[in-house]
Amino acid sequence: MVQVSSQSTVNKIEMRLRGKGRGSIVFQQDYADCGTPSAVKSTFHRMYTDGMLVRLAHGIYYYPKEDKEYGLGIIYPSVEDIAQAIAKRDKANIVPMGAYALNRLGLSTQRVFKIQKNICAVLRANSIASVASLQGAPRGHLAEAWGEAQ
């Protein structure tokens with residue numbers, strides 16, 4: 001009986017993933033209605049180990065889009081795409097600031113790579129990424145730029 005329940009959890013999650021389409025960033029907690037917490041967790045883990053999903057952070061997965069035309073393999077989402085998905089989940093806004101905002105508006109050609117590096121570090125360091133943790137990334141960038149310790 002437990003096996004049937006687990007199989008239906010797998011089917012429900014796979015159907016919803018296919019409905020979202022390749023290239024989607026998904027959160028494990030969004031599939032809580034597909035079964036028991038342990039069944040959902042084990043299903044996501046199994047999909048990750050089978051290569052159907054790519055794990056970006058704890059509870060955050062990517063349904064990979066693959067480049068078949070040039071044979072480049074998996075096309076990973078940008079850091080901005082991941083941050084936007086987290087902001088959408090948390091119903092928050094991410095506001096670019098400083099040189100990054102000027103670049104995004106097309107007013108400057110200066111590129112800011114340290115902010116992306118800091119966002120990646122925040123995602124790796126936190127077991128569960130949230131908008132609150134991402135908001136500290138620009139402050140970390142400013143502290144590094146001015147030579148201050150965090």
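# Briefing: sheet, cores and ring contacts

Of the 150 residues in the protein, 35% are buried, where buried means under 20% relative accessible area, exposed means over 50%, and partly exposed lies in between, as found with a 1.4 Å probe on protein chains only. The model is predicted, and local features need a pLDDT of at least 70, side-chain atom pairs count only at pLDDT 80 or more, and totals for chains, interfaces and linings use all residues. Residues are numbered from 1 along each chain as its sequence is written, and side-chain values use heavy atoms, with hydrogens and water left out.

**Overall layout**

- The secondary structure comes to 6 helices and 5 strands, where helices (H or I, at least four residues) and strands (E, at least two) are DSSP runs numbered from the N terminus.
- Read from the N terminus on, the elements follow the order α-β-α-β-β-β-β-α-α-α-α.
- Among contacts between residues at least 6 apart in sequence, 51% join residues at least 24 apart, a contact being heavy atoms within 4.5 Å.

- An open sheet of 3 strands has the order 1-3-2 with antiparallel pairing, and two strands are taken to pair if DSSP finds at least two bridges between them.
- Strand 1 (24-27) and strand 2 are the edge strands, each of which pairs on one side only, and the twist averages 35° from one strand to the next.
- Strand 1 and strand 3 pair in the antiparallel sense over 4 bridges, with Ser24 opposite Tyr63 and Phe27 opposite Ile60.
- Strand 2 (residues 54-57) and strand 3 (residues 60-63) also run antiparallel and are joined by 3 bridges, and here Ala57 stands opposite Ile60.
- The hairpin of strand 2 and strand 3 has 2 residues between the strands, and in this hairpin Gly59 takes a positive phi near 80°.
- In a regular strand the side chains alternate between the two faces of the sheet.
- In strand 1, Ser24 and Val26 point one way while Ile25 and Phe27 point the other way, and all are buried.

**Helix 3 against the sheet**

- Which strands does helix 3 (residues 79-89) touch as it packs on the sheet? Helix 3 touches strand 1, strand 2 and strand 3, and its direction makes about 45° with that of strand 1, where axes are lines fitted to C-alpha atoms, for helices over the stretch in contact, and angles run from 0 to 180 degrees between N-to-C directions.
- The buried residues of helix 3 include Val79, Ile82, Ala83, Ala85 and Ile86.
- Helix 3 is followed by Lys91, whose phi is positive, near 55°.

**Nonpolar cores**

- In soluble globular proteins, nonpolar side chains tend to be buried together.
- The largest nonpolar core has 12 residues, among them Ile13, Leu17, Val26, Phe44, Met52 and Tyr63, where a nonpolar core is a set of buried Ala, Val, Leu, Ile, Met, Phe, Trp, Tyr and Cys residues joined through side-chain atoms within 4.5 Å.
- Helix 1 (2-20), helix 2 (37-49) and strand 3 each give two or more residues to this core, and helix 2 gives the most, with 3 residues.
- A second, separate core of 9 residues includes Phe27, Ala57, Ile60 and Ala85.

**Aromatic rings and a charge**

- There are 2 aromatic pairs, where rings of Phe, Tyr and Trp (its six-membered ring) pair if their centres lie within 6.5 Å, and planes under 30 degrees apart count as stacked, over 60 as edge-to-face and the rest as tilted.
- The rings of Phe44 and Tyr61 have centres 5.1 Å apart and planes at 40°, so this pair is tilted.
- Because Phe44 lies in helix 2 and Tyr61 in strand 3, the pair ties together parts that are 17 residues apart in sequence.
- Phe44 is buried at 0% relative accessibility, and Tyr61 is buried with a relative accessible area of 6%.
- Tyr31, Phe44 and Tyr61 are linked by ring pairs into a cluster.
- The charged end of Arg22 sits over the ring of Tyr63, 4.5 Å from its centre, the rule being that NZ of Lys or CZ of Arg is within 6 Å of the ring centre and within 35 degrees of the ring normal.

**Thr9 in helix 1**

- Thr9 lies in helix 1 and is buried, with a relative accessible area of 1%.
- Leaving aside neighbours within four places in sequence, Thr9 is in contact with Cys34, Gly35, Ala39, Val40 and Thr43.
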